[in-house]
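Please look over the sequence and the coordinates before reading on.

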Amino acid sequence: MLTEAQLTLITAAVDGDLNDAEARELRRLLDESAPARTTYERLRADSIRLQSLPRIEPPTDFHARVMARIAAFGTIPVSPLTRPTESIRNPGRHSWRRWAPIATAASVLIGIAGTSFLIFSAERGDTARNPNRPSVSGWVGADDPRWNEWLPVNSARPSSAPMPSERNEGAVVHEAPAPSFAPESTVAVAPEPRTPDHDLIGAHPRAEFPNFDHVQLRLPFLEPLADFEREAVRQQLAEELGRDPAFRIDLFARNTIRGTELFQQAARACGFAIHADANSLSYLRKGQVTSVAIYTDSLSASELAALFTVLNSEDARVSPRVFDAVHAMPVAREDEVEIRRILGIDPGLFKRAIPAPDRRKEIPKGTSVSAGTADQIASAIKAGKGGGGSGVLTTWAPAQGRTLPSMSAELKTYLSKRGERKPDAVPVLIVIRHGNG
Amino acid sequence: MIDEDRRLIAECLGGRQDAFGIIVSRYQGRLYNSVIRLVAHPEDAADIVQEAFLNAYQALHAFKGDAELFTWLYRIAFNAAISFKRKKRATTSLGSGSGEIGIDPDDPSEYVRPGSALERTEEAAQLQSALSRLSPEHQQVLILKDIEGLKYEEIAEILSVPIGTIRSRLHRARLELRQLLPSEDESR
């Protein structure tokens, strides 16, 4: 049973809140007490799990909703608000703020309408001062025969357009053309659209498309592991791995723990030594590691293809199968950074003894990759025709759960035994991870 | 305080609402992620964070700038969430996957891995369930320390309690959470 002081020390360690003396005390406690070790490991694992919780994003329209509320509220009040929350909970309290602009606009509109009405009413009233104008009561518009009396000879009757407000008797009336409708032929026709001028300055430059004689597309390698029993697939992976200096291979598994065990079995069958970080395996078994990484730079392309062939045979022995697809891509910049973090050193992924194109020619056709059963391939590798390499297995995700390179004895062993890279070896990062199905 | 935040606040006070829109964009994700862990319900979390932003907007002139803007926003949002929980009292659990949208990958090279974001959903639901059963004080410190990765000083600022209180709350919260989570054998 741990004391309260010991528990406090342990939780402080999980929070990274120990000074040197406390850290020494904790180390002593963990060395002496198994319950303390268990408690520390469990609390630390819980903390890592919390840190690894997926981030949940707000709804896509969240920002718009907030800004709509802000817009409805108006500008920030100038006077200090002592209790801002109350104003939100009681929207009626400041409802005049929202209605004030609308009320102002409505008042202006009513004012304009009223003024217009008065002006036009006044104009109507002016007809009484014009003795020549027909009275409003007897109006028949432009057809009124009395226009002949009021207008000079040959002058046209007014059109049915709105009547002028003033018509002085002595005013000179120019001969206005008789109101007539324009014939259809004279209706203005829109000009033809201009032809586009491709030579316009400022027009977007249009690249001339070259004529291709031959187009070659390179797709990433993506095949089910089960297909590694086919020679063509094995050869395809071997050729793909010869095209770039370093690769990342994602190995999708339905169960990461089982997948890791099978991979270790396959590696043993091939005489390929895997130094598995003990902490990573422990966390993996507890379900706190979601994917593991195996790094090696001691196998050639054909040996790697052979290793996957043996892995396929191991996988075929269990039902249902554990592995799904194998996906190989050249190592990206982000992967390179992560590999450095995992190993604690720069493995020199892109240091090449032999250029990639030359290496492809070295893949022996009809040998270990393309011929024989998985057992024969494994035996051939074990017998020294290849293999004998080593790699390191550690946590890939969550990144917070990785063992520090300086704290992993297995990693140190791997690095000390790693030695010089073979000229035809391909550095690969193999990530065993959960698949979609 | 971050200069950018200071400038945005000044522009808001000058009448530019779009400056506040930038503040919302900047902090909505963090606030929502924390609040949803507290209330365990996506819609409630959205309402609370929305209300918190509106409260912050109204009281922006009263923000003195002696603390970080995000700690101030956290304080408003957490207070709103605690009031909400007191009123509601009924604990709802985060449905499996119902709120798990937009999951950030831990894997830095996620682009090579199509459709694997749900691989930890079950574990996340289990952890969320345990978290929801803690007292609000314990939930808050764990969320702010482990999920948001804040320092003791920032947590103390947000919760308006001394740093020593944060330490002791964290201690008790970790032990309580451990009791609520299944043991190793069950989790396998």
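How many bridges join S1(A) to strand S5 of chain A, and do these strands run parallel or antiparallel? Four bridges join S1(A) to S5(A), residues 323-330, and the two strands run antiparallel.

## Basis of the description

This is a predicted model, in which local features need pLDDT of at least 70 and side-chain atom pairs count only at pLDDT 80 or more, while totals for chains, interfaces and linings use all residues; side-chain values use heavy atoms, with hydrogens and water left out. Residues are numbered from 1 along each chain as its sequence is written, and chains are lettered from A and ligands numbered from 1 in the order in which they are written.

## The sheet of chain A

Helices (H or I, at least four residues) and strands (E, at least two) are DSSP runs, numbered from the N terminus, and two strands pair if DSSP finds at least two bridges between them. On this basis, seven strands of chain A form an open sheet with mixed pairing, in the order S1-S5-S2-S7-S4-S6-S3. Strands S1 (221-224) and S3 (273-276) of chain A stand at the edges with a single partner strand each, so one side of each has no neighbour in the sheet. From one strand to the next, the twist averages 20 degrees.

Contact here means heavy atoms within 4.5 Å, and axes are lines fitted to C-alpha atoms, for helices over the stretch in contact, with angles running from 0 to 180 degrees between N-to-C directions.

## Nonpolar cores

A nonpolar core is a set of buried Ala, Val, Leu, Ile, Met, Phe, Trp, Tyr and Cys residues joined through side-chain atoms within 4.5 Å, where buried means under 20% relative accessible area, exposed over 50%, and partly exposed in between (1.4 Å probe, protein chains only). The largest core has 65 residues, and those touching the most other members are B:Phe20, B:Ile23, B:Phe53, B:Trp72, B:Leu73, B:Leu159 and B:Ile166. Helix H2 (residues 17-39) of chain B supplies the largest share of this core, 11 residues.

Beyond its neighbours within four places in sequence, B:Ile23 is in contact with B:Leu8, B:Ile9, B:Cys12, B:Phe53, B:Leu69 and B:Leu73. Another core, of 44 residues, lies apart from the largest one and includes A:Phe272, A:Ala305, A:Leu311 and A:Val426.

## Chain totals

Chain A has 15 helices and seven strands, and 41% of its 437 residues count as buried. Chain B has nine helices and zero strands, and 53% of its 188 residues count as buried.

## Backbone details

Two peptide bonds of chain A may be noted. The bond from A:Ser319 to A:Pro320 is cis, with omega near -5 degrees, and A:Pro320 lies in the loop between helix H11 (301-316) and S5 of chain A. The bond from A:Ala397 to A:Pro398 is also cis, with omega near 5 degrees, and A:Pro398 is placed in the loop between S6 and helix H15 (409-418) of chain A.

In chain B, B:Ala40 has a positive phi, near 60 degrees, although the residue is not glycine; B:Ala40 is buried at 2% relative accessibility.
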